[in-house]
Amino acid sequence: MMIDIQIHPRQFEYDVQSMVQAFYTGLPFQINSDIESAYRVLEVEFAGESICAGLYDGNKELFKEQISCEFLKDKDITEISGSDRRDAKNALKKLLYYILKKDTGRYLPWGNLTGIRPAKIPGMLMEQGMSEQDVRIEMKETYFISDEKLDLAMDVSKMEKKVLSNVNYKEGYSLYVGIPFCPTTCLYCSFTSYPLKIYKDKVDSYIDAVIKEIIFLGEKLKGRELNSVYIGGGTPTTLEPEQLERLITALKENFDFQTVKEFTVEAGRPDSITKEKLLVLKEQGVSRISINPQTMNQETLDLIGRKHTIEQVKDAFLMARECGMNNINMDFIVGLPEETPEMVRYSMEEAMKLEPDGITIHSLAIKRASRLSMNKQKYTELSMENSTELMNITKEYAYKMGMKPYYLYRQKNMVGNQENVGYSKEGLEGLYNILMMGDYQDVWAVGAGAVTKLLSDDRKSATRIDTLKNVDQYIERIDEMIDRKSCFLL
């Protein structure tokens, strides 16, 4: 079955397709393709001063609505901007939500919100002087968001402000370093990751290229305040101890770490962690690491292609504690294949025994580039479910561990239309996560597939500077990667 979306002109295409995917989970769609015998045909048209939306089953009209928007009169919808554009988009999303809800009988916990930063909206409204009560009214009337998700967005927004009260984030910036190697590639993963077994002989050349970028940026950003550093991936701890030390030494030689509030290394896969690597991280002043089991159920680990055991997770965590790591986060994914509520609860019980300082709960998002998506036929019989009930299990245990939510984001194709949320103990929140996901400051990034994001003054838009994802091309064309950044650093 296919969803046929007809939208004229193709303004707000992303928001329309995101709404369709949320209501018709798992069904493919095409835009402006005139698909015969489609399961549903959704038509969206901007005409005069009205937005019209209709839903059809073959030739049969199911639902049709329109809304008048005076600001559209005699205007080309593709040219409107500012508040008019925002109002037009919100009006369209209200229409779609109403129509698609009537057809499917489904209620989305996040309402018609399609953006990835739901906590940013109430935060910016309060920055503009709106009271908390008025923000709540605005969010309910505009987005149809549930009370539970609205509470989460408000709590995260307030926690962000609390954490940032001691950070000179408006004058500063963050630095991201991408290490794209992994022991194996997980079933659901679409990130830039390359099996270490195949690329092992190229790791040193890759680090050489990254250091070349580091030297360039360090010189160009001299005098600006660096607030946080995050080495992510991939799995950074696939690097050998001497490689980690060489990379971090280059960072410290080229950037002033005196103003750095947080230095994170995503240790990630427990089968990549050794005592020698942990000692290097500790000696180099890394203040936060993340050890990510994703689940504490061995049968799920085997299914998703993570070639390690639950015992390795526990051993790696305890080893990190012994090496003096006092801010350890653990990542989990809700919605993994064949996981039941009981299995999610078991994962949380096992995590609680280890006493982590933070947990990040990811809702499974099925990306097009993942094996789970590209080989759909092979995995059609797998059950992948998420719900507010399952997310509440993780919330229950986070609070039992003395943690509160501090950052929040959403992605397309999330199972159950849920969210990713980070919890931590007080004072141990992931600063980089807040700064990056809340769009509070520029993030300069080095490495294959790493994306630099430079914000506009009002934080409502950003310029992205991409680097090549392919490791071989990144190494060969490193001077070009540097040139891409140079025009923004005159």
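**Close-up views of a predicted model**

Figure 1. Apart from neighbours within four places in sequence, Ser-18 is in contact with Thr-114 and Lys-412. Ser-18 itself lies in helix 1, which spans residues 13-23. Because its relative accessibility is 12%, under the 20% limit, Ser-18 counts as buried. The side chain of Ser-18 also reaches the backbone oxygen of Tyr-14, at 2.8 Å.

**Figure 2. Packing of helix 12 with helix 14.** The axes of helix 12 (residues 341-354) and helix 14 (residues 388-400) come within 10 Å of each other and cross at roughly 15 degrees. This angle is under 35 degrees, so helix 12 is roughly parallel to helix 14. The crossing of the two helices is right-handed. On the side of helix 12, the contact is formed by Pro-341, Val-344, Arg-345, Met-348, Glu-349 and Met-352. These meet Glu-389, Leu-390, Ile-393, Thr-394, Glu-396, Tyr-397 and Lys-400 in helix 14.

Figure 3. When neighbours within four places in sequence are set aside, Thr-463 is in contact with Thr-452, Lys-453, Leu-454 and Phe-488. Thr-452 is 11 residues away from Thr-463 along the chain, and the C-alpha atoms of the two are separated by 8.1 Å.

Key
Residues numbered from 1 in each chain as written. Predicted model: local features only at pLDDT ≥ 70, side-chain atom pairs only at ≥ 80, totals over all residues. Heavy atoms only, no water. Axes fitted to C-alpha atoms, helices over the stretch in contact; angles between N-to-C directions. Helix = DSSP H or I, 4+ residues; strand = E, 2+ residues; numbered from the N terminus. Parallel < 35°, antiparallel > 145°, perpendicular 65-115°, else oblique. Left-handed = near helix turned anticlockwise from the far one by under 90°. Contact = heavy atoms within 4.5 Å. Buried < 20%, exposed > 50% of the residue type's maximum accessible area, 1.4 Å probe, protein only. Polar contact = N/O pair within 3.5 Å; in protein donor to acceptor, adjacent residues only side chain to side chain.
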